[in-house]
Amino acid sequence: MTIRRIFVHDYGGHAFAIQLSRALARRGHQVRHAYSNAFVAPRGVSGRRADDAAGFSLCPVGPDAAIQKTRYFRRYLRELQYGSWLAAAIAEFKPDVVLSANTPLEAQGRALAAARTADAGFILWWQDIMSVTFERMLKPRLGVPGMIAARRFSHLERRLLTGSDRVVAISPDFLDTLDAWGLMRDKVEVIENWASTAELPVRPKANAWSIAHGLAGKFCFLYSGTLGVAHDPDLLLRLAQRYKTDPDVAVVVVSEGERARALLRRRNELGLDHLLVLPFQPQAMMADVMGSADVLVALLDERAATSSVPSKVMSYLCAGRSLLLAVPDNNLTARLVRSVGAGMQVSPGNVDGFLDCAEQLRSSAPLRAKLAGNGLRHACETFDIERIADRFEAAIARVA
């Protein structure tokens, strides 16, 4: 095995990406794992651990001042600046290969240029079709400026796909976009996202976190993750309204950002005391957070059906809890949950169906246990980090 210098960049600092970097470092590679120091999202970064390989290091990029996502022009300028910081981090490390994910397109372009300057291979870890999501979700809101920005982002994303040495897509659905854009599939492979069953063990409902938040004795619907333009928090509000008169039910939302704040305002206006809106929790607490739930909830807008994957579902599967999804029927996670039998799923616009499924899960402990067992079994059988690292290591070898 040839030892490589590998620069792994995951803008959001997600736990599964860090798990991959650690696995590659255990194989003898020099791995620097970089992430945005300011991005507000569930964060898997917790510093170096005692069992980390000597060749593993963490690299926060940029200052820790949060980005205001809804102030689009300021956000755009900040993402340009982030690209410069990221390029400098790549140049300093002098990698053989750069593997970069979840990165704003302008910043990703600068990462690709920095890899070329360093004579390094570049692998685009394609987590979202960003330009398509932007066009479908934001262009109608922004009018002519949105149309101009959508065209630019589409051009830039195509250029990134063409310019990368290899592309790792997280969903086979993304291949249809390549065909529509007239791009070749020959350097693209699909490796679906995963979660760590070791870092997210099944926890009892009565645990330190649930007791601290008064949830141990309640039936709990829980949503944990980003609430962005592709997630409709109104469904969570409707769920809370459905159980307003049931003192034994709690609806918990663990998130941050403008939509979480708006949900909290509506909660206060409507007197929904059983709806808890909490900030993102430390990664070390996430097993207890999800263990507090009886049902774990995921959302995705219809317009993001084939351009995005709510990867929080992979973490949910590890928790040993039943799932309730309001996601498009043709989305990868919907197909997975249906095929595995891990939960109940409806399309995002089917509010009555969503609430009916919630009540079915609320009313039947045997049903919840069956769905939870199916999901956990799939996670244990599928989320093998060494097999996943084998595939990434092979991709890295092709471009180094």
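Biologist: Which residues are linked in a network of salt bridges?

Modeller: In this predicted model, the network joins Arg26, Arg27, Glu386, Asp390 and Glu393.

Biologist: What makes Arg27 and Glu386 a salt bridge?

Modeller: The cut-off is 4 Å, from a side-chain nitrogen of Lys or Arg to a carboxyl oxygen of Asp or Glu. The closest N and O atoms of Arg27 and Glu386 are 2.9 Å apart. So the pair counts as a salt bridge. Arg27 sits in the loop between H1 and S2, and Glu386 in helix H15 (residues 385-399), so the pair ties together parts that are 359 residues apart in sequence.

Biologist: Why is Arg27 called buried?

Modeller: Buried means under 20% relative accessible area. Arg27 has 17% relative accessibility, so Arg27 counts as buried.

Biologist: How many salt bridges does the rule give?

Modeller: The count is 24. Among them is the pair Arg22 and Asp52, at 2.6 Å from N to O. Arg22 belongs to helix H1 (residues 15-26) and Asp52 to the loop between strand S2 (30-36) and strand S3 (56-61), so this bridge ties together parts that are 30 residues apart in sequence.

Biologist: Are Arg22 and Asp52 buried or exposed?

Modeller: Both are buried.

Biologist: What about Arg185 and Asp179: what makes their contact a salt bridge?

Modeller: Their side chains meet at 2.5 Å, N to O. Arg185, at 37% relative accessibility, counts as partly exposed. Asp179, at 42%, also counts as partly exposed.

Biologist: Turn to helix H14. How do you know that its span agrees with its number of residues?

Modeller: H14 has 18 residues (365-382). At 1.5 Å a residue they should span 26 Å. The end C-alpha atoms are 26 Å apart, which agrees.

Biologist: Which residues of H14 are buried?

Modeller: Arg368, Leu371, Ala372, Asn374, Gly375, His378 and Ala379.

Biologist: How do you know that they line one face of the helix?

Modeller: Seen down the axis of H14, the buried residues fall within an arc of 160°, so they line one face. The face turned away from the buried side carries the exposed residues Pro366, Ala369, Lys370, Cys380 and Glu381.

Biologist: What makes Ser364 a cap of H14?

Modeller: A side-chain oxygen of Ser364 lies 3.1 Å from the backbone nitrogen of Leu367. The limit for a polar contact is 3.5 Å.

Methods:
Residues numbered from 1 in each chain as written. Predicted model: local features only at pLDDT ≥ 70, side-chain atom pairs only at ≥ 80, totals over all residues. Heavy atoms only, no water. Helix = DSSP H or I, 4+ residues; strand = E, 2+ residues; numbered from the N terminus. Expected span 1.5 Å × (residues − 1). Buried < 20%, exposed > 50% of the residue type's maximum accessible area, 1.4 Å probe, protein only. Arc of directions from axis to C-beta. Polar contact = N/O pair within 3.5 Å; in protein donor to acceptor, adjacent residues only side chain to side chain.
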